[in-house]
Amino acid sequence: MKKFILTIIFFILSSNVFSANEELKNKIYKNIRCIVCQGQSIYESNSDFAIDLKKLISKKLDNGENEKQIYDFLISRYGDWIVYNPGLNFNSLVLWLLPLIIFIIGGFLIFRLNNKKKK
Amino acid sequence: MNNKYKIIILGITIVIIFILFLRVLNSNKTYQPNQMIGKKIPEFILEDLFNKNTKLDSNVLSGKDFAVLNIWASWCIPCRIEHPFLMDLKDKNRINIIGLNYKDENGNAKNFLKKYGNPYSSIGVDKKGEVAIQLGAYGVPETYVLKKGKIVFKHIGPLNEDAVNKILQLKK
């Protein structure tokens, strides 16, 4: 009886681990652009390129690499374009921060001009 | 500080900010085939097409002053178009060409070389296409020029006269 319960617990736990791994795989596949297809991620594509990438990503995950390491590897080979959501890099940071900096400088100037006028 | 100088400094700051903004905004957001240029060739060890006991080691490629790495397959029609260019590079220009046989059957690859000639000094078998991905390739044919193990030029698609001239220029 003990053995039977232990076997069931083992199966439940291993199926949870398996589904978590599958979820992560699918999440990565959906974020990788199939560069030989039109507007498809490798998750949606059955092209040779997409199949090869899926196999490689799966192998890398099995070897213990994490999501970021896989994205870094693919970006180093194919550029930011391969990832749908490449995260913050220098270019995107500049695009986000510059309008804010201009807004602060502008606000400061208006504030100073107003103060001078009051005096 | 004089008001005049303040306005000049402010003007210059705004111009610099806008130039930076425009440069970042116009940066390339499409597939960049030159991503691997300037990088060292990735490490790999592949079985040789003609001799299972021999391996094609990327370290051997890294040691060479100048080499051309060509990804090809017998099933790839554009590879037949570029083949005469590869033969010329080998015969007329004595360029060391290493082949990467991509997702192919060994028998078909050997028959292809028997029929069209063998321009390669050695050929690694990339059955799963993993080394091609390591190289940043997405299909066949693709050609890389290596100088002391660094990728200095990449050509996507079948070689043509322009690409061959570029390779010869790089060899000088």
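I began with burial: a residue is buried if 20 or more other C-beta atoms lie within 10 Å of its own, exposed if 12 or fewer, and partly exposed in between, with C-beta atoms placed from the backbone. I noted that this is a predicted model, where local features need pLDDT of at least 70, side-chain atom pairs count only at pLDDT 80 or more, and totals for chains, interfaces and linings use all residues. Residues are numbered from 1 along each chain as its sequence is written, while chains are lettered from A and ligands numbered from 1 in the order in which they are written.

**Entry 1, helix 2 of chain A.** I took helices (H or I, at least four residues) and strands (E, at least two) as DSSP runs, numbered from the N terminus. Helix 2 of chain A, residues 48-62, has 15 residues and reaches 21 Å from its first C-alpha to its last, close to the 21 Å expected at 1.5 Å a residue, the expected span being 1.5 Å times one less than the number of residues. In this helix I found A:A50, A:L53, A:K54 and A:I57 buried. They cover an arc of only 100 degrees around the axis, which puts them on the same side of helix 2 of chain A; the arc is that of the directions from the helix axis to the C-beta atoms. On the other side of the helix, A:K59 and A:D62 are exposed.

I traced 7 strands of chain B in an open sheet, in the order 2-1-5-4-3-6-7, with mixed pairing. Its edge strands are strand 2 (55-57) and strand 7 (150-156) of chain B, each of which pairs on one side only.

Strand 1 (residues 45-48) of chain B runs antiparallel to strand 5 (residues 122-126) of chain B and is joined to it by 2 bridges, with B:D48 opposite B:G124. Strand 4 (residues 97-102) of chain B pairs with strand 5 of chain B in the parallel sense over 5 bridges, and there B:N101 stands opposite B:V125. Because 4 of the 5 residues of strand 5 of chain B are buried, this strand is largely enclosed by the rest of the structure.

How values were computed:
Two strands pair if DSSP finds at least two bridges between them.
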